[in-house]
Amino acid sequence: MLKVFSASASQRSQIYRVLCIPQCSHSKTNSEWDRKQKQYRRLLKQQTVNESLKLALKKAPSPTHQAARFDEYEYTGSTVPGEKKDVSIPLQPFYSPVFVEKCWYDWWKQKGFFSPKNYIAQNSAEEESFSMVIPPPNVTGKLHLGHALTTAIEDTIVRRQRMLGKKVLWLPGSDHAGIATQMVVEREIDRIHGKSRYEIGRDKFINAIWKWRNSKGNDIFNQLERLGASLDWGRQVFTLDEKYTHAVEEAFIRLHREGLIYRDERCVNWSCQLQSTLSDLEVDCTMLDEPTAINLPGYSFPVQFGVMHKLAYKLASSVGDITEIVVATTRLETVLADAAIAVNPNDSRYSSVIGRHVKHPLWQNKHLPIIADYAVDMELGTGALKVTPAHDFTDFEIGKRHDLPFETCFNPDGTVWFQPVYSKNKKARDFSGLNGLPRFVARERILDYLTNCNLYRGSYPHQVMLRTCNRTGDVVEPMIKKQWFVRISELAKEAINAVEKGQINLIQKEMFIKQWKNWLNTTGDWCISRQIWWGHQVPSYECTNVHTKECMWFSAHNQLQAQEEAMEAFSVSSASDIHIKRDNDVLDTWFSSALFPFASLGWPTETEDYKKFYPLSLMETGSDLIFFWVARMAMMGLKLTGKVPFENVLFHPMVRDKYGRKMSKSVGNVIDPLHVIDGVLLKDRVEDIREFELEKTDALKVVKEFAGYNAGTIPLCGSDALRLSLCAHSTEAQSVKFNVNEPEVSRKQCNKIWNIFLYVQRFFSDHANSELNKSKINQESMKDHFKLIDKWSRSQLALAVETCNSSLNQHNIAVALQAVNYFWRNVFSSIYLVYCTALLGKRFTRVPTQNDSIELHLNEVDLSSDYRVAVALNIIDLTETALRLFSPFAPYLAEELWQRIPHNMKHNAESVCIAPYPLPEIHNKDRDAQIDEQMKIILSVADSVNQQATLHHVKRSCPVVIVCKNQDTFKTVSRNTDLLRVLTQFGDVECHTLDNLKDLLTSCAGSVDEDSDVSIVFRFSAEGLRAYIENEETKFKHFETSRNRWIKKVDALEKKAQFSDSRAKALSEILEVTKKYQKMKNMEDSVERLRKHYGV
């Protein structure tokens, strides 16, 4: 932001000559001139930005990080959209989302897998239902990563519920987004035709919005499909559909008739740019601690805020030595509508002037009363407050208490309008030219006038809360308007009680219950009328008795109903006795959205969907919508349906960029999910920046940030990788810092699973099938042949199933995904398949050719024994189960691989998305804590062997000796030396206890720590020993340089330990240093013994 502390009168005058609009601002000529000026400024700005972006692309900085490069290959099948994908096409040696994600979604839709009427999984005996609605995205444009996070979380939940055998309804919809959509279309019409909505008229403008919605609305649904969202598209809802509109009107009519909706003239938030009211939640509040100049829409110069101005109001008749009251204000422009000066009745400085009058600083013949009110802060400013009831919320209440006049000084567009106060000679003051000026230009004119009249008493910096419209960025103006309001207090109590009684379960209750109660207890009545054209027109009619002029408002679905009610109320017999007119305002978008859980299911009609799926099982949405939407849905649902609208509420965090900034078009850091799914180049991302209409400096900054990572290119990662990277973030966090390299990591995880499946595919060959069919061993009897590692693999799968289900039951998506990934990566791939490869043979053999190249020959799997068959069946079962477990998170990859498992080796389901989800009650029989503990020891020993071998450069041909401290460890290790040979790749593995320590120390190299459960030493040949000693001597030289430093450090720490406050820490450090030193000494002693024993 620019910092502006002062401006001279001459500088201000120069600004006025350029900026000021003539007084007759509403004339046709001036309107055309103003529009052309706006068009010129916009085009000039766009041209400047375009030239800057072109230059920035040429001079883009070198990337600080290089993204991974992935190869892609296309699906070459001839599948017709809607048909099942041809899975006979061989898999390539690497994962490619371009291949994997083709065809499946169209097939899922065509088969009706997403509808609750079709394809129920075979998990549960009795039919259960699960219902959820998508938070309806605005039709104003494309989805961003925040929507992608919502989709990833909700689709994961929904897909699992479907696999659990429930009748699942996940209902799609979109919101008409009144203000946002109208702004977009207004800009489009202004850009193309150079006309405002007022010039083309309401009907034509609304038709233009419908055309725009019909052409752009499907973009959002296409994005949702690309993300794999399993929505029931046959039930799609738009909040301006005829049935939904009827529900909105019905809600308004019922609430109005009960007195919960009322019409009143009150001070409201007014957006001069939109020329409409705003709710408090649509107002952004920014604290300014110093004078700050801010660029506002409609102004070509920055407007300064955070300055307190002091001006003098002359007393109509002096009181003693008091001739004037000095008032401090940050809003000079509202002086025009001043109605009084207020002081605190306890303020002794002004007690003598209470009840007197001051002269208005602009009109000396207009007198303002000095009133006493406890709302005045004696410590703020001068302790005297200028009261402007029509343009300040506090002043409005003061005005009502003291029966002051409510005079406004601004037009709806924020330009000045006031009725000049004439003197007796009917001549207006020379500043009457303020009419028609923008309010912040008028502020400077008033400042000049007060200075010239010697009524200005200076200024000083002042902390101020700046309130701006979150749609336009314009400063919100308090204005007196007749509006429709919802009476909140009664509704709020019901919403609070519903949570306290457990009818609505806030899943993250500890995080949000305090906010929930506080907002509902303190929020004022909700202003629900908006002065825009796009939306649900208020279903209320102003009816006037033409004879008595009595006026009443009647709410009805149509004019005829309202007319009949009015005739009855006025006791007239003819329609001609009633003058009737419908309110032109539309309802706040959040009013219609608050009805979405039940209106989308057919309310007020009790449809089959309404009876079956209401209340919703879960409402999942962003934590920033807790008040905008969730609390209001709770209030409306309880009042209009008599039930809670949803049983559970899950909030997810806000997605921010890697710097922690909110993703916003105004910042330029918004990421389109399709850019991650399909990949995007820097030049294409820059095209999006042009649409954001950023300032030149902001646009250049964004390009620089883009270019710093992989030259601005986002590699193609696919839908599954994006979903996995988003689901990996905890829903317990306040926000998600998303980095574009996260999907790359997830894509590599997908490639890991792909490679696992390529190995498993060996068991689907004709030869393997034949061998497996010949064997008498099956899925049940295979366990009779299992060894420790096989039992452990199943126990670990059961643990993953249990963790995944318990986490998903608590809606902890990140922990569930972590459990699945751990099984794939740390159990199945890194350990079990390594063992199985050694047992069953490698996948390929490298065969030299005549031209000195190498060919890979695919090997048949060795199934020559019952144990090998049992292992093969176990691998297949682990893979199939893990794919079903993984399916809700990455549906495309899971479907692609699961479909390639032969039917006789998997569950009998047409698709993995309707196959039974793995459940603990089925797999818990494989859980074995003793097996897990034994395998934990084996893996720990294998890790120690590998670490020591790497540390001392020991060849794998050398015998390794494992020295165990206790008998239990010795028994476990000695029984599984064959497994250790595979995991360590050492051909000879021995196991001993400490009883053999003396013999071992004379024949083996290495150190034995008697305090450790396991120690590793090596039995060398003479030649190997010589190489080992040479390597150790090199290390000893390094140790020698460290020895004295360690000794000194111990001495220093012992002295430090004398002080009680640092004793514990110092003793801990002494222990650590001593261990290092002792380990070095043990190694040195071991080598010395070997030297003497072998004479080396």
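The following conversation concerns a predicted model of one protein chain.

Reader: How many helices and strands does the protein chain have?
Author: This is a predicted model, and its protein chain has 35 helices and 34 strands.

Reader: What share of the residues counts as buried?
Author: Of the 1096 residues in the chain, 53% count as buried. The chain exposes about 50,500 Å², and carbon and sulfur atoms supply 48% of that area.

Reader: And what about contacts between residues at least 6 apart in sequence: what percentage join residues at least 24 apart?
Author: The figure is 77% for the protein chain.

Reader: Turning to cysteines, how many disulfides are there?
Author: The count comes to 0 disulfides.

Reader: Is Cys750 buried or exposed?
Author: Cys750 is buried, as its relative accessible area is 0%. Cys958 is buried too, with a value of 9%.

Reader: Let us move to Asn269. Where is Asn269 found?
Author: Asn269 belongs to strand 5, which spans residues 261-271. With a relative accessibility of 3%, Asn269 counts as buried, since the cut-off for that class is under 20%.

Reader: Which side chain makes a polar contact with the side chain of Asn269?
Author: That of Arg467 does, at 2.7 Å.

Reader: Which other residues is Asn269 in contact with, leaving aside its neighbours within four places in sequence?
Author: Apart from Arg467, the list includes Ser276, Thr277, Leu278, Ser279, Asp280 and Val283. Phe393, Val476 and Glu477 are also among the contacts of Asn269.

Reader: Now helix 10. Which of its residues are buried?
Author: In helix 10, covering residues 393-402, the buried residues are Asp395, Phe396, Ile398 and Gly399. Viewed down the helix axis, these buried residues fall within an arc of 165°, so they line one face of helix 10.

Reader: What covers the buried residues of helix 10?
Author: The cover includes strand 5, the strand of Asn269. It also includes strand 14 (367-372), strand 15 (384-387) and strand 18 (477-486).

Reader: What happens at the start of helix 10?
Author: There, a side-chain oxygen of Asp392 comes to within 2.9 Å of the backbone nitrogen of Thr394.

Reader: And which residue follows helix 10?
Author: Asp403 follows helix 10, and the phi of Asp403 is positive, near 55°.

Notes. Residues are numbered from 1 along each chain as its sequence is written. This is a predicted model: local features need pLDDT of at least 70, side-chain atom pairs count only at pLDDT 80 or more; totals for chains, interfaces and linings use all residues. Side-chain values use heavy atoms; hydrogens and water are left out. A disulfide is a pair of cysteine sulfur atoms within 2.5 Å. Buried means under 20% relative accessible area, exposed over 50%, partly exposed in between (1.4 Å probe, protein chains only). Helices (H or I, at least four residues) and strands (E, at least two) are DSSP runs, numbered from the N terminus. Contact means heavy atoms within 4.5 Å. Accessible areas come from the Shrake-Rupley method with a 1.4 Å probe; for residues, only the protein chains shown count as cover. A polar contact is a pair of N or O atoms within 3.5 Å; within protein, one must be able to donate a hydrogen and the other to accept it, and residues adjacent in sequence count only if both atoms are side-chain atoms. The arc is that of the directions from the helix axis to the C-beta atoms.
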